[in-house]
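This report describes one protein structure for a reader who is meeting it for the first time. Please look over the sequence and the model before reading on.

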Amino acid sequence: MLSLKLAANNIKKGFKSFAPFLMASVTMFVMIFVTASIALSPSISKLKGGSSLSQVMGFALIVLSIFAVLILVYSYRFLQTQRSKEFGLYDILGFGKTRIVGVAFLELLLSYIITVIVGTICGIAFSKFLFLVFVNMIGGNYFNLVISPTAILLLAILFFVFFLVLMMIGVWIIWRSSSLDLLREESK
């Protein structure tokens, strides 16, 4: 319970540090959501060339996922570097690496929940808007994009895997570093 309160307070008080990571996470979620919702929507088959568009969107989904992993790892590593002094102080105060990892896990879990909720809301709005723009560009007459629950579930699972990768990176950084290394990490 203490670790959850500490994690929530760290996100609130350190929002200046967390903001770039959360913005990157939500932005990548929205971009992939728009692509997935158009690719997996049953509405796409009612358009001229819909099957081809669905295949192109599937390819775009793969490419965007690769970029998302790279951007998330980079932004999380940046966040970890900024917060290494804090983790070093926790270790010196006797928190222990296991508890520090637990706090980092809870921070990532809260970040994941924020990303999925905010990203889904923004993604629905953007995907409907961009579908309308797309249909207007190709001269179609079917303007109703149906958001598939499969797209939301697929993205939630995909981003859960991404956040697990981030957690492994965070654990590796915390476990391999001594307290003094963590304190000096930010100045590098």
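## Terms and basis

A residue counts as buried when its relative accessible area is under 20%, as exposed when that value is over 50%, and as partly exposed in between, with a 1.4 Å probe and protein chains only. The model is a predicted one, in which local features need pLDDT of at least 70 and side-chain atom pairs count only at pLDDT 80 or more, while totals for chains, interfaces and linings use all residues. Residues are numbered from 1 along each chain as its sequence is written, and side-chain values use heavy atoms, with hydrogens and water left out.

## Overall make-up

The protein has 6 helices and 0 strands, where helices (H or I, at least four residues) and strands (E, at least two) are DSSP runs numbered from the N terminus. Read from the N terminus on, the elements follow the order α-α-α-α-α-α. Of the 188 residues of the protein, 44% count as buried.

## Helices α2 and α3

Two packed helices are described by the angle between their axes and the distance between the axes. Helix α2, residues 15–39, and helix α3, residues 50–92, pack at an angle of about 170°, and their axes are 9 Å apart; the axes are lines fitted to C-alpha atoms, for helices over the stretch in contact, and angles run from 0 to 180 degrees between N-to-C directions. The two helices α2 and α3 are therefore roughly antiparallel to each other, since angles over 145 degrees count as roughly antiparallel, under 35 as roughly parallel, 65 to 115 as roughly perpendicular and the rest as oblique. The residues of the contact of α2 with α3 divide into 19 nonpolar, 8 polar and 1 charged, where Ala, Val, Leu, Ile, Met, Phe, Trp, Tyr, Cys and Pro count as nonpolar, Asp, Glu, Lys and Arg as charged, and the others, Gly among them, as polar.

In the loop between α2 and α3 lies Leu 47, which is buried at 8% relative accessibility. The C-alpha atoms of Leu 47 and Gly 139 are 92 residues apart along the chain and are separated by 9.7 Å. Gly 50 has its place in helix α3 and is buried, with a relative accessible area of 6%; its C-alpha atom is separated by 9.1 Å from that of Ala 39, 11 residues apart along the chain.

Where does Ile 117 lie? Ile 117 lies in helix α4, residues 97–138, and is partly exposed, with a relative accessible area of 49%.

Helix α5, residues 149–176, holds Val 161, which is partly exposed at 42% relative accessibility. Val 161 and Val 69 are 92 residues apart in sequence and 9.7 Å apart in space, C-alpha to C-alpha. Gly 170 is also found in helix α5, and at 2% relative accessibility Gly 170 counts as buried. The C-alpha atoms of Gly 170 and Tyr 76, 94 residues apart along the chain, are separated by 8.4 Å.
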